[in-house]
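I opened the notebook to record a few look-ups on this structure.

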Amino acid sequence: MSSRWRQIWPPLVAVILFLALWQVSVSWFHVEKWMLPAPTDIWREGIASASSLKGHTLATLRLTMIGFPLGVAAGLICAVLLHIVPWTARALYPLLILSQNVPVIALGPLLVIWFGFGQLPKIILIVLVCFFPVAVAGMGGLAQTDRMMLQFMKMAGATRRQIFTKLELPHALPSLFSGIKISAAYAVTGAVVAELIGGNNGLGYYMQIQKSAYRTDRMFVAIILSVLLSLLLFAAVVLLEKWLVRWKPRRDA
């Protein structure tokens, strides 16, 4: 318990000091509320807007929970394909890199033109955001398989499928989960950006409406909710990793 507390208290103290400095600075310099609200103003607005924000938060969560698993699955399939068929890695890997250099904010309007204002363009946007970290991490993990164990299984007469399921995939899980955790951090952001581009609900849509009304306090509330959703999704992935990769040795704190 003491070691866990030693890990928690430094960032906790830093956050408290940051909020205190923010509160004092806004009051000291008489900053207008529409430009930069104080943390206490954001807290009060969050409580007052809780009922209206519930629907938008659930909409963003639903969108994320559709796009994130699809993005992870697409990244895993891509990593396996590029690993099993080596020539596809030489042909497609540059295209994967190129796909990540296209700004999401520029790609969003094109998806709306092609697929309309429904859920599909938003889901595609989240998939594009999430699949790349999983694909790269999965390829790296599969390529770092223990060579001695690989040769041993080949000499023992193991099939290609047995080598993949019994050795390569389990060995790649820690690297794969590193990519999934990165994707989890990006997934909610991708959903919010998708809602900013086109939608009639969700935290991104809510922020767009409040920006037009210069309600900076409500925009901060939506941002905080987006961060909390990202942290919850990240924590869920960490718990899943601990359950699936139980053989991984623990590092000392």
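Predicted model: local features only at pLDDT ≥ 70, side-chain atom pairs only at ≥ 80, totals over all residues.

**Helix packing.** Helix H3 spans residues 50–84 and helix H4 spans residues 86–99. I read an angle of about 135 degrees for their packing, and their axes lie 6 Å apart. An angle over 145 would count as roughly antiparallel, and 65 to 115 as roughly perpendicular. H3 is therefore oblique to H4.

Next I listed who makes the contact. H3 contributes Cys 78, Leu 81, Leu 82, His 83 and Ile 84. From H4 I noted Pro 86, Thr 88, Ala 89, Leu 92 and Leu 96. How many of the residues in the contact of H3 with H4 are nonpolar, polar or charged? I got eight nonpolar, two polar and no charged.

**Surface.** I then looked for nonpolar residues on the outside. Leu 110, Ile 113, Trp 114, Phe 115 and Leu 120 form a nonpolar patch there. Together they have about 550 Å² of accessible area. Which helix gives the patch its largest share? Helix H5, residues 104–115, supplies four residues. Leu 120 sits in helix H6, which covers residues 119–143.

**Salt bridges.** I found six salt bridges in the structure. Why are Arg 44 and Asp 41 separated by about one helical turn? Because they are three residues apart in helix H2, residues 39–48.

Terms used. Residues numbered from 1 in each chain as written. Heavy atoms only, no water. Axes fitted to C-alpha atoms, helices over the stretch in contact; angles between N-to-C directions. Helix = DSSP H or I, 4+ residues; strand = E, 2+ residues; numbered from the N terminus. Parallel < 35°, antiparallel > 145°, perpendicular 65-115°, else oblique. Contact = heavy atoms within 4.5 Å. Nonpolar A, V, L, I, M, F, W, Y, C, P; charged D, E, K, R; others polar. Patch = residues over 30% accessible without salt bridge, like charges linked within 9 Å, V, L, I, M, F, W, Y side chains within 5 Å. Areas by Shrake-Rupley, 256 points an atom, 1.4 Å probe, with all protein chains shown as cover. Salt bridge = Lys/Arg side-chain N within 4 Å of Asp/Glu carboxyl O.
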